[in-house]
Amino acid sequence: MSFQQAISNYLNVTKGIYPLVTFRILFGLLMAFGGIRAWSNGWIEKLYLEPDFFFKFYGFHWIPDPTETQIYVVFSLIIISALCIAFGLFYRIAIFIFFCCFTYKELIDATNYLNHYYLVIVLAFLLIFLPAHRNFSLDVRWRGIAPITKIPAYYIDVIIAQLTIVYTCAGLAKLNTDWMVYGLPLRIWLPEHADLPLLGYFFKQDWCGYVFSWGGAIYDLTIAYFLMFRKTRPFAYAMVIVFHFLTYLLFNIGLFPLIMVFNTLIFFPSETHYKFFYSRFQKEIVSTQNYVGSKILIPFFAIFLLVQIILPFRHHLYSGNLYWTEEGYRFGWRVMLVEKSGTATFSITDPKTGNQAEIINSKYLTPYQEKQMAIQPDFILQFAHFLAEEYRLYHGIDDPIVTVNAHVALNSRASQQFIDPTIDLSKEKDSFVQKKWILPFR
Amino acid sequence: MKDLKKIILLGFIGGFLFTINACKDDDSNDPLTCTKGYDQQDLLTNIVDNIITPSYNQFGNDVTTLENAINELVAQPSAATIEATKSAFVSAYTTFQHTSNFEIGTADELEFRANFNNFPPNTDDIQSNIETGVYDFAAAGSSLDYDKGFPALDYLLYGHQNSENDLVTALQTDENLQNYFLAIIADMKNRITTIQADWNTDRASFIDNRGTDAGSSLSVIINALNENYEYSKRYRLGDPAGVNALGITYPEGVEAYYSDLSIDLLKASLEASADIYKGIGFENGQNKEGLDDLLGFVDAQKGDVSLNEVILTQFETAAQQLNNINASLAQAIENDNNAVREAYTDYAQQVLYLKTDMPSTLCISITYIDNPSDSD
């Protein structure tokens with residue numbers, strides 16, 4: 001069978017819709033819960049209203065900062081649209097609104113970047129194009145939209161492929177010396193949980209860090225493939241639950257464990273979903289219409305997945321230690337990978353008088369922003385530009401020189417100087433070009 | 001379908017090799033040195049029983065002495081009672097430089113430093129408080145004001161009146177002023193009494209709370225030490241020396257401006273921080289288990305040198321810088337600000353060692369911040 005034939009055969013394969021329906025329901029419920037959780041924990045206030053200055057992703061400086069009303073409207077829309085997604089009511093509009101609102105809130109302040117928020121954005125984007133509301137939904141029950149039972153396999157496989165990319169890249173990212181040879185940073189993190197009952201005894205042991213490091217890497221690298229095959233699937237799913245429960249115990253990673261435990265159900269075939277869940281509520285509906293996918297989606301999904309495969313590896317375009325420079329670090333599924341802390345003290349010099357002012361970061365940044373900024377060069381540069389503008393506007397210095405004395409400690413080492421302290425950062429432009437002023441890791 | 005899976009698989013194997021090749025590293029030693037099974041018991045016991053507890057106790061006694069002196073002063077204003085009060089003030093303020101390192105537990109809840117030592121005092125507020133008689137030092141927002149504690153006493157005893165005779169006269173005639181003295185010392189006394197009582201209750205569980213997580217006692221001690229050191233850096237040195245203000249100095253902003261005790265207090269504060277680090281007992285002066293021993297035990301390195309040596313040297317350098325400042329700190333800021341700025345730079349350098357290097361190499365998790373989010 002030739003490659004073309006294989007492809008064309010594949011495109012005609014159909015799958016039952018139920019994995020996608022389950023995916024939709026759990027995704028919606030979890031996102032609604034996440035929104036309510038952020039609201040009730042006061043995070044909206046802390047993350048979007050307290051800061052005076054927001055950091056942006058490169059190319060997204062135009063994203064407007066929200067007012068108090070606006071950010072609460074955005075979160076209300078997130079919660080409502082997520083519920084609509086779960087119940088399958090006005091699904092197409094709801095998922096689009098959800099995607100826009102969630103993406104917007106993540107673009108407001110880049111210091112809030114988390115891989116699992118990015119995953120939510122990616123999945124929501126894919127869901128916009130998928131008919132996840134065409135069964136077991138209020139759209140079907142109330143709005144008279146015809147239910148369907150079979151959809152082209154690639155409608156489900158695109159999500160499977162995406163999750164496979166996430167796991168595999170997370171695994172590949174772990175294949176570095178600190179993680180595999182020295183068991184870092186887990187050997188730092190695990191003993192902090194020595195108080196846990198039963199497991200605490202093991203977390204205290206130094207070897208445990210190595211076991212977990214290797215276990216984590218092997219899990220991430222292989223789990224998606226074990227989930228793909230019928231024989232290994234039940235065991236693999238049990239591993240999913242155990243692994244993510246452990247990460248829930250050990251780390252402050254919020255909804256991420258649940259997201260993955262729910263998402264990976266999509267690896268199970270439609271019949272299993274029907275048997276375990278939908279059969280209690282409805283008879284297997286025999287579709288009156290044969291759902292034909294939109295052909296344009298095929299190349300679209302292909303390109304999307306290709307980008308997803310390439311993006312995590314863009315760091316090869318930069319020299320230097322990725323975990324130190326973080327150039328090409330984000331959007332690469334590098335989850336809980338390094339322990340980093342740092343300090344960044346900025347100085348403003350008036351070139352005319354030579355007068356200097358050391359900056360008290362907390363005057364402009366929240367503690368969380370300050371912590372994130374100190375270890376990420378593009379944030380350091382953004383803040384330097386902000387300071388230059390501040391001193392131009394409010395202290396009448398025409399051309400302020402902005403330097404930074406920044407030190408970062410990586411994975412239990414003593415700190416090293418991070419940024420060239422002689423460089424006037426106000427003159428440096430952000431771009432995708434390698435940042436020469438990041439000092440190399442020794 | 002199977003073919004497609006094979007293609008995906010092949011792609012990832014390719015990617016796998018691509019990555020492996022890229023992560024060669026020339027680190028040949030285990031960077032982690034902290035898990036050599038150090039028993040924190042001796043360290044915590046020494047810091048708690050020989051440093052924190054005696055410091056609190058001494059401070060409690062000092063405040064009581066100051067309270068008695070102020071009672072005497074108010075009852076019988078005279079040159080003698082003023083002298084006695086000033087002497088008690090100096091003792092208590094000096095001991096405060098030690099306890100200022102222990103804003104933990106109840107002291108943290110009661111905002112120990114803010115309530116005892118918001119400086120420079122706002123003399124206008126103090127004046128109007130005395131005139132109106134309307135103020136409440138126990139109120140929730142009181143820690144944000146600059147009208148009480150040591151700085152207010154500093155002003156009232158040394159700066160409020162032109163001479164001791166004037167102060168005697170004022171105290172004889174102005175009942176509001178008498179009450180103000182009494183209210184300040186009552187507030188101090190209340191707070192330290194609560195702090196002492198709670199500390200004596202918490203002491204044992206504090207020693208038992210071993211570990212490296214953010215809530216462990218060692219983490220709390222290191223955090224408190226750092227906070228105070230940064231407080232010295234910023235408020236005792238940086239602000240008055242105009243470090244953050246494009247060279248515009250503010251000599252009146254030093255701690256204890258009116259009594260001119262600034263440099264002595266700063267030296268006492270530095271010595272207190274170094275003593276905690278070295279594990280030197282507050283009363284007995286014995287050098288027992290301290291953070292220096294812990295860093296030595298794990299053999300933490302900064303570059304090619306021992307981090308412990310680096311920190312000890314830095315304490316010495318900072319002490320030398322303070323010795324270089326002649327006469328009063330305020331005068332030095334006006335006449336020889338470079339010396340003060342150099343001291344500031346040395347403090348800043350030590351903050352890096354104590355706040356970034358020490359916790360990292362000891363694998364101690366420090367939460368300076370309440371994380372308003374998840375992590376991943």
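Trainee: Which domains does the assignment give for chain A?

Mentor: The domain assignment of chain A gives domain 1 (14-147) and domain 2 (339-427). Please keep in mind that this is a predicted model. The C-alpha centres of domain 1 of chain A and domain 2 of chain A lie 34 Å apart.

Trainee: How many residues of each domain take part in the contact?

Mentor: Domain 1 of chain A gives eight residues to the contact, and domain 2 of chain A gives 11 residues. On the side of domain 1 of chain A that touches domain 2 of chain A, four residues are nonpolar, one is polar and three are charged.

Trainee: What makes β4 and β6 of chain A edge strands?

Mentor: The open sheet has four strands in the order β4-β3-β5-β6 (chain A), with antiparallel pairing. Strands β4 (356-358) and β6 (416-417) of chain A each pair on one side only, and they are the edge strands.

Trainee: How many bridges does β5(A) form with β3(A)?

Mentor: There are 10 bridges between β3(A) and β5(A), again in the antiparallel sense. At one position, Thr343(A) stands opposite His407(A) in β5(A).

Trainee: Why is β5(A) called mostly covered?

Mentor: A residue counts as buried if 20 or more other C-beta atoms lie within 10 Å of its own. Eight of the 10 residues of β5(A) are buried, and the strand is accordingly described as mostly covered.

Trainee: Which strands does helix α19 of chain A touch?

Mentor: Helix α19 (residues 377-394) of chain A packs on the sheet and touches β3 (340-349) and β5 of chain A. Its direction makes about 150° with that of β5(A). Helix α15 (residues 337-362) of chain B also packs on the sheet, touching β3 and β5 of chain A, and its direction makes about 160° with that of β3(A).

Trainee: Why is α11(B) called roughly antiparallel to α13(B)?

Mentor: The axes of helix α11 (residues 262-278) of chain B and helix α13 (residues 307-324) of chain B come within 10 Å and cross at roughly 170°. Angles over 145 degrees count as roughly antiparallel, and α11(B) is therefore roughly antiparallel to α13(B). Among the residues making the contact are Leu266(B) and Leu270(B) of α11(B), and Phe315(B) and Leu322(B) of α13(B). The contact of α11(B) with α13(B) has 10 nonpolar residues, no polar residue and one charged residue.

Trainee: What makes α7 of chain B mostly covered?

Mentor: In helix α7 (residues 149-158) of chain B, nine of the 10 residues are buried. Phe150(B), Asp154(B) and Tyr155(B) are among them. The buried residues of α7(B) pack against α3 (79-99), α5 (112-117), α6 (123-132) and α9 (175-208) of chain B.

Trainee: How many helices and strands are there in chain B as a whole, and what share of chain B is buried?

Mentor: Chain B has 15 helices and two strands, and buried residues make up 45% of its 376 residues.

Note on methods: Residues numbered from 1 in each chain as written. Chains lettered and ligands numbered in written order. Predicted model: local features only at pLDDT ≥ 70, side-chain atom pairs only at ≥ 80, totals over all residues. Pairing = 2+ DSSP bridges. Contact = placed C-beta atoms within 7 Å. Axes fitted to C-alpha atoms, helices over the stretch in contact; angles between N-to-C directions. Domains from an automatic or database assignment. Nonpolar A, V, L, I, M, F, W, Y, C, P; charged D, E, K, R; others polar. Buried ≥ 20, exposed ≤ 12 C-beta atoms within 10 Å, placed from the backbone. Parallel < 35°, antiparallel > 145°, perpendicular 65-115°, else oblique.
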